[in-house]
Amino acid sequence: MSQYMQPIHVLIVEDNPGDVDLLREGLAESRVHNTISVAGDGEEAISYLGQEPGYEDALRPDLIFLDLNLPRKNGREVLDVIKNDESLCHIPVVVLTSSGATTDVSSAYALRANAYVTKPLGLEQFMETVRAIETFWLSVVKLPRG
Amino acid sequence: MMSSKTLAPAMAPQDSGDYSRAMLNILDDFASERDRRHEIQTAVLNVLEDFADEKSHFEATQRAVLNVLEDFAEEKSRFSETQRAMLNILDDFEDGKQKVETANNSLRQTTTELSRSNTELEMFAYVASHDLQEPLRMVTSYTQLLAKRYGGQLDAKADKFIAYIVDGTTRMQSLIQDLLTFSRLGASDLELVQVDIEAVLGVVTASLTALIADRHAQITHDPLPWVEADRSQLGQLLQNLIGNAIKFCVDRDPIVHVSVEKQDGYWRLGVSDNGIGIAEPHRQRIFQAFQRLHTREIPGTGIGLAICERIVARHGGRIWVESVAGEGSTFYFTLAREDGMQS
């Protein structure tokens with residue numbers, strides 16, 4: 001089914017382990033073979049993406065799930081770094097957050113988020129959302145590979 | 001009569017003609033002396049008269065001057081009175097100015113406090129939209145995951161417990177959402193634009209499609225006008241009223257009609273239903289937040305009508321209900337009318 005030979009690599013930037021596990025659950029059901037890395041706060045995400053000391057072997061992700069409310073550096077700062085880095089800016093970033101505040105939505109898109117998704121309340125709805133994101137970004141669209 | 005002039009000494013008789021002449025001369029002199037004296041007297045009298053005239057004239061002038069002086073004094077006292085009055089007014093003005101300044105200060109303070117409380121409200125709204133829902137989502141999701149993974153290993157009772165947990169968290173989320181909407185209505189500015197109520201109604205019925213189909217509801221409307229309103233708030237208002245109209249119709253298919261009547265200076269819109277109706281004593285308090293008449297049988301947060309009331313009030317109108325218990329209700333609200341804007 002996959003259009004790729006190699007597995008898709010997903011970076012989850014999320015401080016809530018509950019949400020990380022739910023995302024893992026959702027992605028485990030994916031038709032696309034994928035591997036997952038997790039960054040628990042904004043600084044870690046930036047270190048990971050920059051392959052800074054301690055993250056030299058970090059895999060460049062094909063898709064990033066980004067929470068907005070993160071410790072140390074928030075999601076907006078991470079987004080800003082990604083979209084202003086020539087080697088990272090092409091990676092699709094899906095902002096996945098509890099906030100439905102219009103200011104959060106507009107500021108995320110202003111920082112060039114590729115999609116803004118509000119985490120749904122129920123398990124089924126959550127899984128459905130992850131499936132929809134995954135289908136679109138991992139199967140429907142063609143991503144640059146590098 | 002005696003003149004001061006010394007008479008001529010008696011003369012010799014031989015010269016009696018001379019004497020007579022001298023006497024005549026003397027008499028002449030005397031007469032002319034008398035005339036002169038008379039003249040002088042007249043002159044003096046004239047002078048005296050003139051003087052008297054002059055004096056009375058002077059007195060008149062003096063009186064006039066005194067009068068003027070008196071008038072002046074009066075004028076002066078009037079002037080000082082005016083001056084005092086002016087000073088009083090200035091004092092009052094100063095007082096007033098101070099009062100205005102005090103009022104201004106307190107207004108400024110109130111404004112600052114208000115804007116702070118608005119900011120706090122925004123903060124609350126943000127916290128409510130994010131932080132309160134986060135743990136709720138965890139409870140719901142993991143309870144459901146538990147049921148999904150281990151459902152077979154649990155008994156029927158456990159399934160019921162799980163249903164209660166999920167139901168509770170779902171209601172909690174609706175509450176948070178409604179509270180959020182309610183608090184934002186107070187904090188955000190109205191975006192007034194020309195709105196076609198009929199178009200808004202179309203969007204509202206589209207978003208209620210599932211409920212309308214599920215309850216076999218029929219929704220009709222009069223030709224509706226354009227108004228100046230906040231489009232999204234007007235939509236929220238109609239959605240809550242129509243949603244309620246359908247929800248509170250329990251034992252028959254709901255028939256909802258949106259009517260409009262042109263009145264003096266405003267439109268009176270009505271949303272009528274054939275639902276359970278509202279008994280007289282409750283018709284006021286249903287517009288207050290959390291005032292619910294039905295607890296379990298009809299789900300709801302008790303904020304919907306409070307949201308409606310706030311939206312209508314922010315548009316400068318009023319909302320009320322007329323109802324016959326058991327037969328139906330009509331919720332009326334008014335919106336300002338601009339002539340020439342109706343479709």
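Okay, quick definition before we start: two strands count as paired if DSSP finds at least two bridges between them. Keep that in mind for the hairpin in chain B. And a caveat: this is a predicted model, so everything I show is computed from that prediction.

Which two strands form it? They are S4(B) and S5(B), with 2 residues between them. In the turn, B:Gly265 has a positive phi of about 90°. The two strands run antiparallel, and 7 bridges join S4(B) to S5(B), which covers residues 266-272 of chain B. If you want a pair to click on, B:Ser259 has B:Gly270 as its bridge partner in S5(B).

Now look at S4(B) from its other partner, strand S2 of chain B, residues 218-221. Here the strands run parallel, joined by 4 bridges. The pair to find is B:Ile219 with B:Val256 in S4(B).

Zoom out and you get the whole sheet of chain B. It's an open sheet of 5 strands, in the order S2-S4-S5-S7-S6, and the pairing is mixed. S2 and S6 (319-324) are the edge strands, each pairing on one side only. On average, neighbouring strands are turned by 20° against each other, ignoring direction. Packed on this sheet is H6(B), which touches S2, S4, S5, S6 and S7. The direction of H6(B) makes about 170° with that of S7(B).

H6(B), residues 231-247, also packs with another helix, H4(B), residues 197-207. Their axes are 9 Å apart, at an angle of about 55°. On the H4(B) side, the contact includes B:Val200, B:Leu201 and B:Val204, and on the H6(B) side you'll find, among others, B:Leu234, B:Leu238 and B:Ile242. The contact residues split into 7 nonpolar, 3 polar and 1 charged.

Over to chain A. There's an open sheet here too, with 5 strands in the order S2-S1-S3-S4-S5, and this time the pairing is parallel. S2 (34-39) and S5 (115-118) stand at the edges with a single partner strand each, so one side of each has no neighbour in the sheet. Inside this sheet, S1(A), residues 8-13, and S3(A), residues 63-66, run parallel and are joined by 4 bridges. A:Ile12 is bridged to A:Phe65 in S3(A).

Chain A also gives us a helix pair, H2(A), residues 42-49, and H3(A), residues 75-83. The axes come within 9 Å and cross at roughly 15°, so these two are roughly parallel. This crossing is right-handed as well. A:Gly42, A:Ala45, A:Ile46 and A:Leu49 of H2(A) meet A:Val78, A:Val81 and A:Ile82 of H3(A). By type, that's 6 nonpolar, 1 polar and no charged.

Last stop, the interface. How many residues of each chain are in contact? 22 from chain A touch 18 from chain B. About 1700 Å² is buried between the chains, with carbon and sulfur atoms giving 50% of that.

Terms used. Residues are numbered from 1 along each chain as its sequence is written. Chains are lettered from A and ligands numbered from 1 in the order in which they are written. This is a predicted model: local features need pLDDT of at least 70, side-chain atom pairs count only at pLDDT 80 or more; totals for chains, interfaces and linings use all residues. Side-chain values use heavy atoms; hydrogens and water are left out. Axes are lines fitted to C-alpha atoms, for helices over the stretch in contact, and angles run from 0 to 180 degrees between N-to-C directions. Angles under 35 degrees count as roughly parallel, over 145 as roughly antiparallel, 65 to 115 as roughly perpendicular and the rest as oblique. A crossing is left-handed if the near helix is turned anticlockwise from the far one by less than a right angle, and right-handed if clockwise. Contact means heavy atoms within 4.5 Å. Ala, Val, Leu, Ile, Met, Phe, Trp, Tyr, Cys and Pro count as nonpolar, Asp, Glu, Lys and Arg as charged, and the others, Gly among them, as polar. Buried area is the accessible area (1.4 Å probe) that two parts lose on being put together, summed over both.
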